[in-house]
Amino acid sequence: MKVPLSWLREYVKLPPKITPDQIGQAFINVGFEVEAIDLQGESLKGPILVGKVISIEELPENKKPIRYVELDLGSKQNRYVICGARNFKVNDLVVVALPGAVLPGNFVISARQTYGKLSDGMICSAKELGISDEHAGIIVLPQGRIGSDATELLSISDVIFDIAINPDRGYAMSIRGLARELAGSLRCKFTDPADSKSSPKLKVVKNSKVVSVKIEDKTGADQIYIRTIEKVNVKNSTPIWMQRRIEKCGMRSISLAVDITNYVMLELGQPLHAFDADMVMGGLRVTRAGKFNRLTTLDKVDRKLEADNLLICDAKSPLALAGTMGGFASEVTSTTKRIALEAAHFDPISVAKNSRSHKLSSEASRRIERNTDPMMAEVASARAVNLLIDLAGAKYVGSSVAGVPIKKRKLKISISKVSQFIGYSYSIKQVRESLSLIGCKVSGGGDAITVEIPTWRPDLHTMADFAEEIARLNGYQVIPSRLPIGKTGGGLSNMQQRKRQVAQLLANQGFSEVINSPFVSQEMVDLLGFTGDRAKSFRIANPISAEAPLLRTHLLPGLLTTLGRNVSRGIKDLAIFEIGSVFRNTTTLPKVVMPETSRRPSAKSIDSIYAAVPKQMVFIGAVVAGETLLSNWQGKGVGFIWSDAVAKAIEIVESTGNEYEVISSDLAPWHPGRCAEIRVAGKPIAHAGELHPRVISELDLPEQTCAFAVILSELPIAQTTKAPAIWNQPATVQDVALVVKSNVTAAEVEKALRSGAGNLLESILLFDRYDQIGEGKVSLAFTLSFRAADRTLTADEVAQYRDGAIAAATRSCGATLRS
């Protein structure tokens, strides 16, 4: 939020010699981030005066519209200047920089000959004066004395602080809130602009002219005030002092009625809305959209309403998206004579849903989402009515009120526990002073005190919340810095070691690790053909993006999205991987019970918390596209094919010390003929292969893009690692070619050969597959290596072992020796 120092000074008695940097540091000391400090008017020099337009001569012979303007600046002789702006007319008051003036950017004004005329100065826009980015036209003043200093009239010399407001500090999105924080940080006197002297209250008068109000949906609001005023002269111009304050806070002046509501919102933090009372039929009510399905808002957008949208309606139709934006039908216009001014304490979640569902974030919704002070509905509406009476000649008619009484909250806290939370021993004086600075009323003595929580601090609920306030207002610098002492014998868990090992394995082979968002869309799930457990996801209650409301059940959606993004930017050869958790909604979870935070939860409570958390399997997934060895002048490169993906998955499984088997699979989104499933102890652990052509086409990926995924958390932890034996005897090699049916996998044949080859079989390797035999059969050729530890094997021994292996393959797989 942008806030001018001149406005802050009204409510904080600052030291006379304090600098803008010191004020910025004071905000930082109590936990606010100061994003910028703008010293407005610092680079303005020379005569900048208020002038009156006497005459305008059009110069049509030029390529763009040019005017030769006569100005009265309160001197004996009028001046003439060239100007290209079209937003002013004769008798308007404008801001004129005379020769010798210097504008921001070291722009020196001088008299010069241009367009065949002498231009003796310049009519200025807001951007040229450095007070805003508005440059569509020059500044037209609503009032001012001709020849007076325009910089003083516009209060240009000021300091603007741009302060980032955290979501839990909605009270600070106002001059009132930031002034209180600044006063607390500097230990200066604070005057609350919401007290009865600054904002006198109005009596609740009820009569037939008053617009009535009721809250039909009690979950949507608990306080609402409707102030009815008549004889409003909305054509009156907004006074310059109010315009400038609104502009310094980053908003723009629109009209008197709107400016007053915005001014009070900036001052007190309470959003207001003005309805044309003559457009309200039968009173106002706070309700859900229900049967209403359309509303045209002030931005002239026809919006389709959702059934749970919170609205303000009259007896016939919706008039506003509650707390977000008013409706076009009841807008205050130049013909409005009666105004119904609304101020309410809406439910923050309902307003946030309004804003998200319509992608409509307004100054009002941003404040209400962070929760506003319920006491301000009465005070702010009265303040705005008084301003309308003073500035628009309005007459107060009466008020309607609905809602429940505002209850004060109290909490007992222990100073010793606060000190234990922070790690610094606070005195009773420090605690009382810091809590008083934020508006709390403290009673009681000793270690236990009772705190009455101010209505503008709905974020204070627990001992930890108060500990944070006490720490920041007493200064973080008093808290001693102590390094935490770790437990002896600590180290990485088995899963942490496994994740690091596998990540290093792939990184060493040229893969790049990525971290993707865990949120996916239903369209991506459907595109990849996920079924069963892989289609059972969790829907996020408040997703970051409505396009991706689901928690991922697999790593492939994120990896393929990242691959597609890189391919679209011209990267054709890419290998990326990710290690992360997936979330599957496969079991009914018990209801979550939030434990109290004042003491450690019991073992039973901790168990119930973990029981309510869904199972989160840890996957490693990778996608590869293009060539592993790039094509160059020496020849064509080598592409990454589906068998390479299978080999990578096997390498990961082997690195964990587990034995496995490989079988054919047709799991989506892989190509049904080029996909393998890897099992450990009979359980599917990994899938690898080439992606289905349909998926590749839909995502616009390179042809033959491959992928593999391994469930790291489901791989058993190997208790011991066996080192390979060191041999001093030669190996004897035998090749066998077996003919089997085409539906028999190489893994089945290999398993059968191992079972019959005896205990001297050292290794077995498939080196050829021939599928042109016909009759639905294929030939699989294996190399069998035999070795004894104590002798060289004879030919007869090896032949015996080989024959035993072939016999086992014949029994198990129906294999025959190829002649």
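Guide: Glu677 touches Glu661, Val662, Ile663, Ser665, Pro684, Ala686 and His687, leaving aside residues up to four places away in sequence; contact here means heavy atoms within 4.5 Å. The model is predicted, so local features need pLDDT of at least 70 and side-chain atom pairs count only at pLDDT 80 or more, while totals for chains, interfaces and linings use all residues. Residues are numbered from 1 along each chain as its sequence is written, and side-chain values use heavy atoms, with hydrogens and water left out.

Glu677 lies in strand β36, residues 670-680 (strands are DSSP runs of E, at least two residues, numbered from the N terminus). With a relative accessible area of 10%, Glu677 is buried (under 20% relative accessible area, 1.4 Å probe, protein chains only). The side chain of Glu677 makes polar contacts with two side chains: that of Arg679 at 2.6 Å and that of His687 at 2.8 Å. A polar contact is a pair of N or O atoms within 3.5 Å; within protein, one must be able to donate a hydrogen and the other to accept it, and residues adjacent in sequence count only if both atoms are side-chain atoms.

As for the cysteines, a search of the whole structure finds zero disulfides (pairs of cysteine sulfur atoms within 2.5 Å). Cys706 is in no disulfide, since the nearest cysteine sulfur, that of Cys675, is 11 Å away. Cys706 is buried, with a relative accessible area of 0%. The sulfur of Cys440 is 20 Å from the closest cysteine sulfur, in Cys188, which is too far for a bond. Cys440 is also buried, at 5% relative accessible area.

Notes: Helix = DSSP H or I, 4+ residues; strand = E, 2+ residues; numbered from the N terminus. Buried < 20%, exposed > 50% of the residue type's maximum accessible area, 1.4 Å probe, protein only.
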